[in-house]
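Reader: Hello! Could you show me how to read a few features?
Author: Gladly; let us look together.

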Amino acid sequence: MTTGSDDRQFWDAAAARFDDEPDHGLRDPRVRAAWAGRLRSWLPDPPSDVLDVGCGTGSLALLAAEQGHRVTAVDRSEPMVALAREKLAGTTARVLVGEATALPVEAGFDVVLVRHLLWALPDPAAVLRYWAGLLRPGGRLVLIEGRWGAVTPVGLTAGTLGELAAPLGGTFGIEQLGHDPALWGRPVDDERYAAVVRPAGPAPRRHREIVDVHLVLRRGDRVLLARRANTGYADGLLHVPSGHVEDGEDVRSGMIREAREEIGVELTPEDLTAAVVMQHRAPDGGARIGWFFVASYGIGGEPVNREPDKCSELVWHPLDALPDDMVAYCRAGLDAYRAGLPFLLHLHEKGDVIAYDPAGPRRAVPLAPPAVPGSRP
Ligand SMILES: C[S@@+](CC[C@H](N)C(=O)[O-])C[C@H]1O[C@@H](n2cnc3c(N)ncnc32)[C@H](O)[C@@H]1O
């Protein structure tokens, strides 16, 4: 280990004889077995996605592929890549020409594996950040490094590497390798080690979701439903008049506005009673909190279809005999209202449909017992 990575020609020229070193070529079965055992302990259970950066002739990449991992190996030197491709032929590994600091890959690896390269790169702290950014959450960097030579040593001590990796957070473990001659094919007396760095993931994002409001407009035992049209969401299905709460609006003001905009009914805060609050997740994963407010027919005027471009009809339906062609979560909200259940989860699974399906899975989970009989509006 006597050259910096800026010496491109050095590695091109070194490629043909590179595997002559026992720890490079792994030709001796004992050396090969020693590296295979260590590598197995540093990698997650196979199969995982492993990126070998500065792969050289691909000896470690081959071990990882033989252990059942999906390997991508990259090196800047074309002669090295040619040898690695030969070595990895017959495996599923891909070998690419590329620069360690601007790799020709997308993020999404479980492991970035790098042996004997980091020390030679001009800005190791920056490159560690870059490699960490190629990992999936929970991924790790496996860095095999050392400080070689007695008179004018080159390389990184484990302590220095620890300082460089500290800004990544997470965990940092060092395994000293200098005392194990099986790895090197001979005894060595300089510092050699492997570091496994599991960077802290990004801080969890705050959960955010849309808030929407739904009007349960009651006319005796019937409720007003609107058939959606041309909106791109649940068209053709019945739903109660509803909409999203706008920025800065409270849920009751949002309900008053939506009632005016959609059905021309002028309500006041006193006309509305909150009946159900539901957290809903759509089949595509989008989440929302839906508030269902009850109001009585007659207050605020006759409902009319004020948005004929989005609604094809308004119809009154008995609450205890609701139609099937409804949006499933609206139906769940009305069922909860009838049952006196004030709080509900209604979380679709992938593959569910938006439409209510009388034979489909029930996704409503009450979060509180029914309200005291007679206390409902
Ligand atoms: C000491 S060899 C290590 C090879 C391999 N990791 C191994 O341990 O067997 C260093 C390798 O890194 C490659 N290399 C050096 N600088 C590089 C860079 N900036 N980007 C990509 N590869 C680089 C060289 O071509 C060479 O193959």
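Reader: Is the crossing of H3 and H4 left-handed or right-handed?
Author: First, some background: this is a predicted model, in which local features need pLDDT of at least 70, side-chain atom pairs count only at pLDDT 80 or more, and totals for chains, interfaces and linings use all residues. Residues are numbered from 1 along each chain as its sequence is written. Helices (H or I, at least four residues) and strands (E, at least two) are DSSP runs, numbered from the N terminus. A crossing is left-handed if the near helix is turned anticlockwise from the far one by less than a right angle, and right-handed if clockwise. Here H3 passes H4 in a right-handed crossing.

Reader: Which residues of H3 and H4 meet?
Author: Contact means C-beta atoms, placed from the backbone, within 7 Å. Trp35, Ala36 and Leu39 of H3 meet Leu60, Leu63 and Ala64 of H4.

Reader: Why does the span of H10 agree with what it should be?
Author: The expected span is 1.5 Å times one less than the number of residues. H10 (residues 328-339) has 12 residues and should span 16 Å, which agrees because its end C-alpha atoms are 16 Å apart. Just after H10, Gly340 takes a positive phi of about 75°.

Reader: Which strands pair with S16, and in which sense?
Author: Strands pair if DSSP finds at least two bridges between them. S13 (residues 273-281) pairs with S16 in the parallel sense over 5 bridges, and Val277 stands opposite Phe343. S17 (residues 364-366) pairs with S16 in the antiparallel sense over 3 bridges, where Pro366 is the bridge partner of Leu344.

Conventions. Contact = placed C-beta atoms within 7 Å.
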